[in-house]
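Thanks, everyone; please have the sequence and the model open while I talk.

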2 protein chains.
Amino acid sequence: MTPQSEDFSAWYNELVFKAELVDRWPVRGTMVIRPYGYRIWELLQADIDRRIKETGHVNAYFPLLIPESYLQREAEHVEGFSPELAVVTHAGGKELEEPLIVRPTSETVIGEMMAKWISSHRDLPMLLNQWANVVRWELRPRMFLRTTEFLWQEGHTAHVDEADAMRETLASLDIYVKVAREIAAMPVVDGEKTPGERFPGAVRTYTVEGMMRDGRALQSGTSHYLGTNFAKAFNIQYTAENDEQEYCHTTSWGMSARMIGGVIMTHGDDKGLVLPPLLAPYQVVIVPIGRGDQADQVLPPARELAGRLNRAGIRTHVDARTQLSPGFKFNDWELRGVPIRLELGPRDLADGSVLMSTRLGEGKSPVSLDSAPARLKFELTAFQNLLLQRATDFRDSHTATVNSWEEFVEAVRTGWALAFHCGQQECEDDIKAATSATPRAIPTEGAPEEGVCVRCNMPSAYGKRLIFGRAY
Amino acid sequence: MTPQSEDFSAWYNELVFKAELVDRWPVRGTMVIRPYGYRIWELLQADIDRRIKETGHVNAYFPLLIPESYLQREAEHVEGFSPELAVVTHAGGKELEEPLIVRPTSETVIGEMMAKWISSHRDLPMLLNQWANVVRWELRPRMFLRTTEFLWQEGHTAHVDEADAMRETLASLDIYVKVAREIAAMPVVDGEKTPGERFPGAVRTYTVEGMMRDGRALQSGTSHYLGTNFAKAFNIQYTAENDEQEYCHTTSWGMSARMIGGVIMTHGDDKGLVLPPLLAPYQVVIVPIGRGDQADQVLPPARELAGRLNRAGIRTHVDARTQLSPGFKFNDWELRGVPIRLELGPRDLADGSVLMSTRLGEGKSPVSLDSAPARLKFELTAFQNLLLQRATDFRDSHTATVNSWEEFVEAVRTGWALAFHCGQQECEDDIKAATSATPRAIPTEGAPEEGVCVRCNMPSAYGKRLIFGRAY
């Protein structure tokens, strides 16, 4: 496999196939998510779904196909998405009277339904979420990061006023911060997008941005305050307590299987994937050592141990493939990012122990069979924490506070720059043309600070430094 | 609402909207699944998913869009599906070189990938499952039962030989029998389909059929042994232990959100839905009784009780809507099929009890607050069992063993007929033209029996009686 340091992009593109996360499909920009990759998504999905439900949202399901005229009702929205649309023109053996768009996102569908379902202030807030596939035609596809079809959740909510909708926008963003940090061990930074990076049709867009191991940023989840833009386009109104008709303020927010790409690029190394235990399909793999009679002797206790670990809530797999050597298996599970590997041979068995090695540690240490469940739980928690700490250290050591253009150029070559910006679109475009870097976020954290634009020396527009970086 | 007895179809079509399970969407034959309906699907899905995983299958995700040429590789398959296809002809602002089909099912996609992933007998069996949306253009749509887009799981497996593939086909059918009986309280009958009712491209198709309260059958899940048809079309081969190249034998099987329609039509009555507790979004609803000060007094203990019930694993909701009368709420939750309703007023509270009524019982009985969790668990189990028993009695009393055409015609007017059939397609067609009844299944259960065709007096072709009925 190409080393990360030599060509990060080649490393990524080889790894997603070698680790059996994905496969190609002949339609431009699409992919197959193989069982090992899909299991990571299921684990992530379960965690996101739990948090979404705990905060009072309910799931529903809206149609895949949208009449073209519905999508056109919000002008900025259709303008932003029209180059990416896939269009059904024929169905049931006939040409359709009106073409149908395969949903690129569902604001227009859900807006139409909210208009029907909401009549009184008592119906608010309406807090909906959908798990779905969406299609956006991609010219520069990349597995997980930008694919023509992708899996995601999209939250859509309606509120009585701006204050309540903004509270929701930020609360949903906070879900993404927690999912990224607590489950994916990705120390994302959250903040608002500059106007040029807003979602088409949004008044404000917020983001969580992760730093990949090549210093680039990955937008890992976004939350939008849509104002009354969609409410006016779809006539989402309610009768207020004072009997006046008012437009709702709506929000939308999404996190997708792109997060799997984020996990790969935040934690992976030249040996392959490094999976956070909370997202690992197998947290522990047991490799029985020995051939012939020895194998027959070792396999039953390996299975017995796996049974005890699984019952203790540790996802454990016994690699019983007889045609492969232990060495091959070690490399295979290393490539696939399994946090902890256990070797069980006749000698270990005689000692009542098993040899443990972690995906990032050096050497092996014996663990007594009796105490294995408790010890491995401890080790898995430590491994999860280590990944977050390591990624935080990496992010911090690749983030520079800069005051000059020279420092800026140097910083965004290998990571992020914290810099003042004038807020002018032309200046943003100019920075991007010169360095490929874009403003990733106006970070939520950090004290107000004034200064002059790192590029054009005009006064700062945002009251604090922005994060700039090259991005996926 | 129109009574069931007057117009079953009108009753169903009104109920799905009134109970807020679904809503309309302008694209022909599509629907929105509202939160209350989607929650039923989530509960069903969780149960199916658990059983699929426990039997060694793994989930994956395959693309929505299929190049037209892939679908054409299996001749019967494309012939069966082509009238129902939705076709993407334009994407990314351009006309596509090859049209893309929105998947109607995924045999062709997964067949192509299996050909890539399988090389040795060691890779078999390959046991895959996918949760997905599929699109089949519907000319006579009906909410949940036949919609242009629907949600389902589709299992796809590959095996070394017919014996192993047939074992899988029947094991998957058995999952559907158990899901239907144990969770949906639907006493389905399982069996094989006659050749005329087979899945396009299958060698054998098996089905589980439920009886609805109008006596019609609902095909509620199917499992197909595909022989080597798809393996040959997609070149799914493996190297056997003797080093020969062999074609895999494949299966596919699916259960969909159509099951929700089955639940409605198996258990519902003139008052509305009747939900099996295991699929009820709310198993218990507490209606606080009293206005003004009394309401303030009753609401906290109602919430406390709901908390205790929820912690005991009983999905409980407090209906705290202040603008609605208790009478309105009772009718509302009756319509929505909640198994158990609890009323809590100041007098009940003083007595340390709550008034319980079940969705099918008459009258109310007091339950002490202290023992409520244990008592309600017992009542919910009893209610679940009652529904299965009631539906079984209904099915049995609407199934007649018939030996003459007159008896047959009478039986399929109100239910099912168990009758001999000659196995000729023309005779099947003739029966359908005369009565609307079709052979639903050659039932798995039941002893071999010989006789003459109920229609044409030719010898029976199946070695036992078939189930005939009108179907959805």
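Val88(B) touches Ala86(A), Val87(A), Val88(A) and Val102(A) in chain A, and Leu65(B), Leu96(B), Pro99(B), Leu100(B) and Val102(B) in chain B, leaving aside residues up to four places away in sequence; contact here means C-beta atoms, placed from the backbone, within 7 Å. This is a predicted model, in which local features need pLDDT of at least 70 and side-chain atom pairs count only at pLDDT 80 or more, while totals for chains, interfaces and linings use all residues. Residues are numbered from 1 along each chain as its sequence is written, with chains lettered from A and ligands numbered from 1 in the order in which they are written.

Chain A can be laid on chain B by a turn of 180° and a shift of 0.0 Å along the axis, with an RMSD of 0.0 Å, superposing by least squares on C-alpha atoms of residues with pLDDT of at least 70 in both copies. The two copies are thus related as by a two-fold rotation axis, and of the residues of chain A it is Val88(A) whose C-alpha comes closest to that axis, at 2.0 Å. Because 100% of the interface residues of chain A are also interface residues in chain B, the copies meet through the same surface.

Now to the strand, a DSSP run of E with at least two residues, numbered from the N terminus. From β9 of chain A (residues 189–192), Val189(A) and Gly191(A) point one way and Asp190(A) and Glu192(A) the other, and all are buried, that is, with 20 or more other C-beta atoms, placed from the backbone, within 10 Å of their own. Glu192(A) stands opposite Tyr206(A) in β10(A) and opposite Ile442(A) in β22(A).

Key. Two residues are in contact if their C-beta atoms, placed from the backbone, lie within 7 Å. A residue is buried if 20 or more other C-beta atoms lie within 10 Å of its own, exposed if 12 or fewer, and partly exposed in between; C-beta atoms are placed from the backbone. Helices (H or I, at least four residues) and strands (E, at least two) are DSSP runs, numbered from the N terminus. Two strands pair if DSSP finds at least two bridges between them.
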